[in-house]
Amino acid sequence: MWLVWRMPPPGLDQASPAFGVLLKGYRVRAELTQEQLSEGSGVSVRAISDMERGIAKNPQRRTVESLAATLRLTEDELAYLRKSSKPSRDVPDPVLPPAPAPVRTATLPTGGGLPPDLHDLTGRATDLDALREFAAGLAGSRRWSGGVAILSGPPGTGKTSLAVRAAYELAGHFPDGQLFLKLRGMSPDPAEPTDVLHLLLRSLGIDSAHVPAELDGQAALCRSLLAERAVLIVLDDAADEAQVRPLLVGGRRCLTLVSSRHVLMGLTGASRFSLGVLGQDDAVALLETIVGPARVAAERPATAALAELCGRLPLALRIAGNRLASRPMWPIGRMMEQLRDGSRRLTTLTAGDLTIRGVFDLSYRQLSPSAAVLFRRLSLVPTGDFSARAAMALLDADDEDEATGPLEELVDASLLQPTQDDGRYQFHDLLRTFATELLAREETEQAVRSAENRLVDWLVRTATAAAREFQPASVRSARPAGSPFRDHRDAERWLQLETSNWLVAAERAAADGAHRQVLDLSEAMHWYSEFDCTADTWYTLFDLARRSATAIGSKRDEALQRNFLAWVLSALMGRTSEAARMAEEAMAAAVEAGDLRERGWATLYLLSAEMGGGNLSPSVDAYDDALRFFQEAGYPLGHYVARCMRAVYWSRTGLVDEAAAEFSACVDFFDTAGYVHPTPVDDNNYAHTLLFSSANLKALGDLDGALAQSEQALELFRGRGAALGLARALQASGGYLRARGELDRARERLAEAQVVCARTGQRKAEIDALCELASLSDELHEPETAHGHRMRALALCETLADPAVVKRLRAELAQHLDQRRQA
């Protein structure tokens with residue numbers, strides 16, 4: 001198809017538009033931007049732009065020759081360019097002479113034929129299947145309607161590689177050709193839509209001289225040419241919607257694949273395919289294809305660690321693999337050790353002119369000032385997972401809207417990823433490392449310090465407020481004033497999501513001397529600790545607070561924190577000997593502080609540790625002491641806890657009738673302790689009392705009553721999400737069911753107890769559950785299963801450093817093995 005321009009009305013210059021079209025055609029053919037042509041010819045960018053648009057009239061001969069030299073025109077082309085620069089007013093309705101012969105698309109590196117395919121595109125089978133299904137769905141519809149697929153993802157995820165592979169594999173659907181057009185969205189000079197359409201038209205066989213000068217005309221011509229053709233168009237590295245929208249010119253039999261670091265939410269009607277990092281197996285497989293199977297097989301653990309240090313990002317994996325491939329004598333472990341140094345990680349991930357840092361920087365330089373500031377400061381968050389509220393603190397914003405805009409800009413640029421939890425975001429490890437570098441380079445030390453202090457203060461204050469949602473009714477008369485949480489469930493969800501962040505924030509606060517803030521957090525958290533029985537978390541926090549108490553010289557706070565530690569060591573870790581010593585130290589600090597309440601708790605924790613270690617006190621005098629301390633302190637909650645623990649002691653020493661009366665009184669107290677607005681802790685205390693009472697009922701021979709109380713306790717623990725009590729209730733219920741002969745139900749309860757203990761780190765309780773499961777398996781005549789349970793229990797015992805328990809289990813295991821041999 002040839003385009004014919006009619007003569008304009010009298011008085012208008014006809015030559016300048018033709019000159020502009022020719023000039024642009026020659027420039028595009030030479031693969032030069034206006035800036036590059038300006039630099040080579042000495043003609044200003046503004047003058048070139050005006051000439052191409054037909055604004056500048058009658059360029060001087062010297063200007064034309066300077067342009068021609070840079071464009072490397074032939075003599076005939078220069079002659080025609082000179083002629084077109086001279087106005088002619090007496091030629092009616094001219095048809096423009098032929099422009100330079102079009103260049104074949106395969107020779108155009110900026111557009112045209114597909115670039116080479118990667119032979120080792122690993123880990124994208126699922127994404128390729130999705131694109132195949134999408135294309136097949138379009139082709140298989142009764143009326144092919146064309147389509148647009150957007151491939152988005154963080155820098156380095158391999159969007160271009162996937163688009164190229166998809167174009168090759170889908171070629172059969174598009175017999176009229178495949179076109180690849182670079183949009184250079186991340187470069188300082190993104191491709192103009194007019195230049196891209198000009199190139200697209202040339203690829204479709206239109207001579208440069210016959211390409212319309214204006215964008216609308218170019219788009220209209222493309223649509224007419226592609227109306228009935230089956231063509232696949234790849235638009236690679238798109239900057240934004242404004243760049244892409246005019247380029248969506250495919251007809252009903254066309255497919256356009258757009259790759260971009262931005263999600264391009266403004267493009268309606270497009271299908272979206274988001275690329276993330278590779279799975280661990282795929283990441284290792286990619287390294288294997290680059291460095292060779294033998295090297296990976298020899299150092300598989302190091303290879304897996306290397307893949308994780310690369311963040312399983314395809315580009316980082318390729319760079320690391322290429323460096324190893326070029327150094328065949330290097331062990332993989334050497335590269336792994338280099339990457340462990342966070343300060344050198346991005347420098348290590350360099351191969352020739354390809355760097356992770358450079359790829360990230362392209363995206364960073366596109367950000368608005370506020371988004372760039374937030375990107376840098378998010379590296380201060382202890383983990384790579386955070387909420388908009390954390391962003392508010394870092395920006396010192398007054399409301400969430402001020403932080404949401406920059407956050408969403410970072411998401412749109414694929415520099416952050418939204419998580420499955422609403423309102424939360426994730427930072428890729430390598431991007432976080434890059435942000436850390438930027439923060440040190442582009443912000444003052446004072447600005448960084450202020451931002452970090454605001455973040456730490458917000459995390460610690462919010463964690464303290466969340467923990468106070470779990471206070472018993474006897475401690476608070478109403479919900480904490482000004483709490484940012486709707487209820488304890490809302491608070492618990494925040495605490496679980498932010499555990500790593502608030503715990504590190506507490507360590508930073510202690511390092512900065514904010515000891516009272518740390519102590520307030522710890523004292524509030526002990527109410528919550530039974531609901532999330534992650535032993536390491538609580539040991540870390542309470543020991544940190546103990547050191548803060550020592551730093552400010554507060555013996556009362558030291559006694560409090562040592563009591564908390566005694567509970568963790570005994571109840572969660574099974575380290576009863578250490579727990580007893582910690583309780584004795586708590587008692588000494590409480591005596592020095594004159595604190596009766598903490599003396600009472602220290603007494604109970606010491607007795608609990610001794611009982612947990614299998615040592616029963618020779619008398620009840622110690623329990624009476626605890627009762628007296630709590631009574632003199634005016635602390636009814638502690639008083640009834642002490643009565644309950646005394647009843648447990650009576651029950652275990654055979655005084656079951658006395659214990660029954662005591663348990664009855666305690667059940668009545670805890671049943672009504674929070675009768676108006678029971679908190680999770682009130683229900684937790686009530687459930688524990690029921691559970692202790694159920695064991696005494698079994699000793700009295702009332703198995704049905706024992707099971708009923710354990711089931712009631714189990715329901716309360718489940719409803720409140722109390723992990724420690726839940727595990728104990730499951731185990732108790734399983735034991736009662738087993739005693740009733742309901743072996744299948746018993747196994748279900750005990751298996752669930754073991755899972756809860758394993759998840760929350762309750763090693764001693766998990767060992768007990770496994771031993772119970774082993775005995776039950778013996779009873780069910782399943783010796784192999786029983787043996788497996790005992791072996792797992794023995795392995796866990798080795799981590800407890802409890803010689804008595806290890807000795808008992810080894811004896812049981814040896815007896816079991818002897819029985820198997822005899823059988």
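Let's start with R720, which sits in helix α34 (residues 703-720); helices here are DSSP runs of H or I with at least four residues, and strands are E runs of at least two, numbered from the N terminus. This is a predicted model, where local features need pLDDT of at least 70, side-chain atom pairs count only at pLDDT 80 or more, and totals for chains, interfaces and linings use all residues. Residues are numbered from 1 along each chain as its sequence is written, and side-chain values use heavy atoms, leaving out hydrogens and water.

Is R720 buried or exposed? R720 counts as buried because its relative accessible area is 14%, and buried means under 20%, exposed over 50% and partly exposed in between (1.4 Å probe, protein chains only). Setting aside residues up to four places away in sequence, R720 touches H488, E492, F531, P678, T679, P680 and D683.

## The nonpolar cores

In soluble globular proteins, nonpolar side chains tend to be buried together. A nonpolar core is a set of buried Ala, Val, Leu, Ile, Met, Phe, Trp, Tyr and Cys residues joined through side-chain atoms within 4.5 Å. Here the largest one has 168 residues, and F375, L378, W502 and M525 have the most contacts inside it. Helix α22 (residues 445-467) gives the most to this core, 11 residues.

Which residues does L378 contact, leaving aside neighbours within four places in sequence? They are F386, L394, L407, L410, L416 and F427, where contact means heavy atoms within 4.5 Å. There's also a second, separate core of 32 residues, including V28, I206, A219 and L221.
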